Amino acid sequence: MYLTKARCPTVGEQRQRYNEEFKKQTVKYVQEQTKSVADICEELNIPKSTLNQWIAQYRQFDQEAVNHPEKIRKLEQTLKDNEAENRRKEREIEDLKEELAILKKALHIFSKEKN
């Protein structure tokens, strides 16, 4: 994964600035790697405390989004609706296959030459 820093340098500014997308990508990168946070900090030239703040911030956000009871209920309902729709479509496909088989038999019967 290739991460690029979004810098906003100004004359004499010592502090590094990073955009939200870079922060999210970096946290994702940390979660996907087997390297230590310290190694990744060194690799990306980011202070360890800064990266730890990002990890805490984005992990907390992700957990709230996924574990929220209302979100879970909505996802379960969506899953049930999708399963019901899939069953309905499967029945429709089976009906259409049966109709096609009947039509093929009828075509075969009516296409025979009469003696």
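L51 is in contact (heavy atoms within 4.5 Å) with T26, V30, V37, I40, C41 and I46, residues up to four places away in sequence being left out of the count. The model is a predicted one, in which local features need pLDDT of at least 70 and side-chain atom pairs count only at pLDDT 80 or more, while totals for chains, interfaces and linings use all residues. Residues are numbered from 1 along each chain as its sequence is written, and side-chain values use heavy atoms, with hydrogens and water left out.

L51 also belongs to the largest nonpolar core, a set of 13 residues in which I40, I46, L51 and W54 touch the most other members. The elements contributing two or more residues to this core are α1, α2 (37–44) and α3 (48–67). Such a core consists of buried Ala, Val, Leu, Ile, Met, Phe, Trp, Tyr and Cys residues joined through side-chain atoms within 4.5 Å; buried denotes under 20% relative accessible area, exposed over 50% and partly exposed the range in between, with a 1.4 Å probe and protein chains only. Helices (H or I, at least four residues) and strands (E, at least two) are DSSP runs numbered from the N terminus.

Helix α1 comprises 13 residues (20–32); at 1.5 Å a residue it should span 18 Å, and its end C-alpha atoms are 18 Å apart, which agrees. The expected span is 1.5 Å times one less than the number of residues. Within α1, F22, K23, T26, V27, Y29 and V30 are buried. These residues cover an arc of only 160° around the axis and therefore lie on the same side of α1, the arc being that of the directions from the helix axis to the C-beta atoms. At the N-terminal end, N19 caps α1 through a side-chain oxygen 3.3 Å from the backbone nitrogen of E21. T26, located in α1, has a relative accessible area of 0%, and its side chain reaches the backbone oxygen of F22 at 2.7 Å.

Three aromatic pairs are present in the structure. Rings of Phe, Tyr and Trp (its six-membered ring) pair if their centres lie within 6.5 Å; planes under 30 degrees apart count as stacked, over 60 as edge-to-face and the rest as tilted. Y18 and F22 form a stacked pair, at 5.2 Å centre to centre and 15° between the planes. The ring centres of F22 and W54 are 5.9 Å apart with the planes at 90°, so this pair is edge-to-face. The latter pair links distant parts of the chain, F22 in helix α1 and W54 in helix α3, 32 residues apart. Y18, F22 and W54 form one aromatic cluster.

Key:
A polar contact is a pair of N or O atoms within 3.5 Å; within protein, one must be able to donate a hydrogen and the other to accept it, and residues adjacent in sequence count only if both atoms are side-chain atoms.
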